[in-house]
Amino acid sequence: MIWATRINGTEVVINADLIETIEPTPDTVVTLVDGKKFILAESAQEVIRRVLQFRAALLRASTDMALEGPYGVESAHPEPVRTAAVVRLAPTEEL
(Lines give C-alpha, C1' and ligand atoms only; values in the text may rest on other atoms or scores of the structure.)
Protein backbone atom coordinates (compact mmCIF):
# COMPACT_ATOMS: atom_id res chain seq x y z
CA MET A 1 0.00 0.00 0.00
CA ILE A 2 1.27 3.46 -0.84
CA TRP A 3 0.10 6.92 0.19
CA ALA A 4 -0.71 9.33 -2.61
CA THR A 5 -2.42 12.69 -3.02
CA ARG A 6 -5.43 13.12 -5.26
CA ILE A 7 -5.44 16.17 -7.50
CA ASN A 8 -7.96 17.85 -5.14
CA GLY A 9 -5.48 17.53 -2.24
CA THR A 10 -7.05 14.63 -0.35
CA GLU A 11 -4.87 11.69 0.57
CA VAL A 12 -5.54 8.15 -0.56
CA VAL A 13 -3.87 4.80 0.08
CA ILE A 14 -3.54 2.66 -3.06
CA ASN A 15 -2.88 -1.07 -3.19
CA ALA A 16 0.38 -1.15 -5.16
CA ASP A 17 -0.25 -4.74 -6.25
CA LEU A 18 -3.41 -3.70 -8.11
CA ILE A 19 -1.85 -0.96 -10.25
CA GLU A 20 -2.18 -1.81 -13.93
CA THR A 21 -1.00 1.42 -15.56
CA ILE A 22 0.49 4.78 -14.61
CA GLU A 23 -0.05 7.46 -17.24
CA PRO A 24 2.14 10.58 -17.06
CA THR A 25 -0.38 12.91 -18.70
CA PRO A 26 -0.39 16.50 -17.40
CA ASP A 27 -1.81 14.91 -14.24
CA THR A 28 -0.73 11.40 -13.27
CA VAL A 29 -3.51 8.87 -13.87
CA VAL A 30 -3.21 5.55 -12.05
CA THR A 31 -5.50 2.77 -13.28
CA LEU A 32 -6.10 -0.33 -11.17
CA VAL A 33 -6.78 -3.79 -12.57
CA ASP A 34 -10.51 -3.36 -11.87
CA GLY A 35 -10.62 -0.19 -14.01
CA LYS A 36 -10.80 2.29 -11.12
CA LYS A 37 -8.77 5.42 -11.83
CA PHE A 38 -7.00 7.87 -9.55
CA ILE A 39 -5.81 11.28 -10.72
CA LEU A 40 -2.81 12.12 -8.56
CA ALA A 41 -0.75 15.19 -7.77
CA GLU A 42 2.46 13.11 -7.64
CA SER A 43 4.44 12.51 -10.82
CA ALA A 44 4.47 9.08 -12.45
CA GLN A 45 8.13 8.75 -11.41
CA GLU A 46 7.19 9.45 -7.78
CA VAL A 47 4.42 6.83 -7.82
CA ILE A 48 6.86 4.28 -9.27
CA ARG A 49 9.45 5.19 -6.60
CA ARG A 50 6.89 4.68 -3.84
CA VAL A 51 5.83 1.30 -5.25
CA LEU A 52 9.47 0.19 -5.44
CA GLN A 53 10.18 1.36 -1.90
CA PHE A 54 7.03 -0.35 -0.62
CA ARG A 55 8.09 -3.64 -2.19
CA ALA A 56 11.63 -3.23 -0.86
CA ALA A 57 10.19 -2.64 2.62
CA LEU A 58 8.18 -5.85 2.33
CA LEU A 59 11.31 -7.80 1.39
CA ARG A 60 13.24 -6.29 4.31
CA ALA A 61 10.40 -7.11 6.71
CA SER A 62 10.13 -10.69 5.49
CA THR A 63 13.88 -11.16 5.85
CA ASP A 64 13.79 -9.71 9.37
CA MET A 65 10.91 -12.03 10.29
CA ALA A 66 12.76 -15.07 8.99
CA LEU A 67 15.93 -14.21 10.88
CA GLU A 68 14.58 -12.60 14.05
CA GLY A 69 10.86 -13.34 14.08
CA PRO A 70 8.96 -15.30 16.69
CA TYR A 71 9.55 -18.57 14.84
CA GLY A 72 13.15 -18.09 13.72
CA VAL A 73 14.70 -20.15 10.96
CA GLU A 74 14.73 -23.26 13.12
CA SER A 75 10.93 -23.54 13.27
CA ALA A 76 9.72 -26.32 10.95
CA HIS A 77 6.01 -25.42 10.88
CA PRO A 78 5.37 -21.81 11.88
CA GLU A 79 1.85 -20.46 12.17
CA PRO A 80 0.97 -18.06 9.34
CA VAL A 81 1.62 -14.43 10.19
CA ARG A 82 -0.99 -11.99 8.93
CA THR A 83 0.34 -8.46 8.59
CA ALA A 84 -0.40 -5.40 6.50
CA ALA A 85 2.13 -2.79 5.50
CA VAL A 86 1.60 0.81 4.52
CA VAL A 87 4.67 2.82 3.63
CA ARG A 88 4.48 6.59 3.69
CA LEU A 89 7.42 8.21 1.93
CA ALA A 90 8.49 11.79 1.61
CA PRO A 91 8.38 13.10 -1.98
CA THR A 92 11.65 13.49 -3.83
CA GLU A 93 12.69 15.07 -7.08
CA GLU A 94 14.58 12.10 -8.56
CA LEU A 95 13.64 8.44 -8.90
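Take the contacts in the chain with a separation of 6 or more: 46% of them join residues 24 or more positions apart. Keep in mind that this is a predicted model.

Now the layout. From the N terminus, the order is β-β-β-β-β-α. Of the 95 residues, 27% are buried. The accessible surface is about 6,600 Å², and carbon and sulfur atoms hold 56% of that.

Next, the core. Nonpolar side chains tend to be buried together in soluble globular proteins. Here, the largest nonpolar core has 13 residues. Ile2, Ile14, Val30, Phe38 and Leu40 have the most contacts inside it. Which elements supply at least two residues each? Strands E1 (2–5), E2 (11–14), E4 and E5 (37–40), plus helix H1 (44–68). H1 gives the most, with three residues.

Look at Phe38. Setting aside residues up to four places away in sequence, Phe38 touches Arg6, Val12, Ile14, Thr28, Val29, Val30 and Leu32.

One more residue: Thr31. Thr31 sits in strand E4, residues 28–32. Is Thr31 buried or exposed? Its relative accessible area is 8%, and the cut-off for buried is under 20%, so Thr31 counts as buried. The Thr31 side chain also makes a polar contact with the side chain of Lys37, at 3.2 Å. Beyond its neighbours within four places in sequence, Thr31 is in contact with Leu18, Ile19, Glu20, Thr21, Glu23, Lys36 and Lys37.

That's the tour. Over to you.

Terms used
Residues are numbered from 1 along each chain as its sequence is written. This is a predicted model: local features need pLDDT of at least 70, side-chain atom pairs count only at pLDDT 80 or more; totals for chains, interfaces and linings use all residues. Side-chain values use heavy atoms; hydrogens and water are left out. Helices (H or I, at least four residues) and strands (E, at least two) are DSSP runs, numbered from the N terminus. Buried means under 20% relative accessible area, exposed over 50%, partly exposed in between (1.4 Å probe, protein chains only). Contact means heavy atoms within 4.5 Å. Accessible areas come from the Shrake-Rupley method with a 1.4 Å probe; for residues, only the protein chains shown count as cover. A polar contact is a pair of N or O atoms within 3.5 Å; within protein, one must be able to donate a hydrogen and the other to accept it, and residues adjacent in sequence count only if both atoms are side-chain atoms. A nonpolar core is a set of buried Ala, Val, Leu, Ile, Met, Phe, Trp, Tyr and Cys residues joined through side-chain atoms within 4.5 Å.
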